[in-house]
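This briefing is meant for a reader who is meeting the structure for the first time. Please look through the sequence and the model below, and then follow the notes topic by topic.

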Amino acid sequence: MMKIRFCEHNKGKNKVAKRLHEQFPKLDVKIRDCIGKCGPCHKTPFALVNGKTVCGIDSEDLYGKIVKEMGK
């Protein structure tokens, strides 16, 4: 199963997580306590997709990059 984790500080996390849940209901999407990258997470939307960091310019870009990563 694909696992996606967002840092609790990550801007846009709720919007992206909601869209992912709607499009992929069986996807394991979680918002966690800080996942250890607080420096960048306050400024750059990012998530861990199966342990790989995926960054976006904004929440729309992050959503697209997560979906692309899932297709690999």
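In strand 4, Val-54 is the bridge partner of Ala-47. This is a predicted model, in which local features need pLDDT of at least 70 and side-chain atom pairs count only at pLDDT 80 or more, while totals for chains, interfaces and linings use all residues. Residues are numbered from 1 along each chain as its sequence is written, and side-chain values use heavy atoms, with hydrogens and water left out.

**Overall layout**

- The protein has 3 helices and 4 strands, where helices (H or I, at least four residues) and strands (E, at least two) are DSSP runs numbered from the N terminus.
- Read from the N terminus on, these elements follow the order β-α-β-α-β-β-α.
- Of the 72 residues of the protein, 36% count as buried, a term that stands for under 20% relative accessible area, with exposed meaning over 50% and partly exposed in between (1.4 Å probe, protein chains only).
- The accessible surface of the protein is about 4400 Å², and 54% of that surface belongs to carbon and sulfur atoms; the areas come from the Shrake-Rupley method with a 1.4 Å probe, and for residues only the protein chains shown count as cover.

**The sheet**

- Strand 3 (residues 46–49) and strand 4 (residues 52–55) run antiparallel and are joined by 4 bridges, two strands being paired if DSSP finds at least two bridges between them.
- Phe-46 stands opposite Cys-55 in strand 4, and in the hairpin of strand 3 and strand 4, which has 2 residues between the strands, Asn-50 takes a positive phi near 50 degrees.
- The 4 strands form an open sheet in the order 2-1-3-4, with mixed pairing.
- Strand 2 (28–32) and strand 4 are at the edges and have a single partner strand each, so one side of each is left without a neighbour in the sheet.
- Helix 3 (residues 59–70) packs on the sheet, where it touches strand 1 (3–7), strand 3 and strand 4, and its direction makes about 145 degrees with that of strand 4; contact means heavy atoms within 4.5 Å, and axes are lines fitted to C-alpha atoms, for helices over the stretch in contact, with angles running from 0 to 180 degrees between N-to-C directions.

- In helix 1 (residues 13–23), the buried residues are Lys-13, Val-16, Ala-17 and Leu-20.
- Seen down the axis of helix 1, these buried residues fall within an arc of 100 degrees, so they line one face of the helix; the arc is that of the directions from the helix axis to the C-beta atoms.
- Asn-14, Lys-18 and Glu-22 are exposed on the other side of helix 1, whereas the cover over its buried residues includes strand 1, strand 2 and helix 3.
- The largest nonpolar core has 14 residues, of which Ile-4, Phe-6, Val-16, Leu-20, Val-29 and Ile-66 touch the most other members; such a core is a set of buried Ala, Val, Leu, Ile, Met, Phe, Trp, Tyr and Cys residues joined through side-chain atoms within 4.5 Å.
- Helix 3 gives the most to this core, with 4 residues.

**Around Thr-44**

- Thr-44 lies in the loop between helix 2 (38–41) and strand 3, and at 28% relative accessibility Thr-44 counts as partly exposed.
- Leaving aside its neighbours within four places in sequence, Thr-44 is in contact with Asn-10, Cys-55 and Gly-56.
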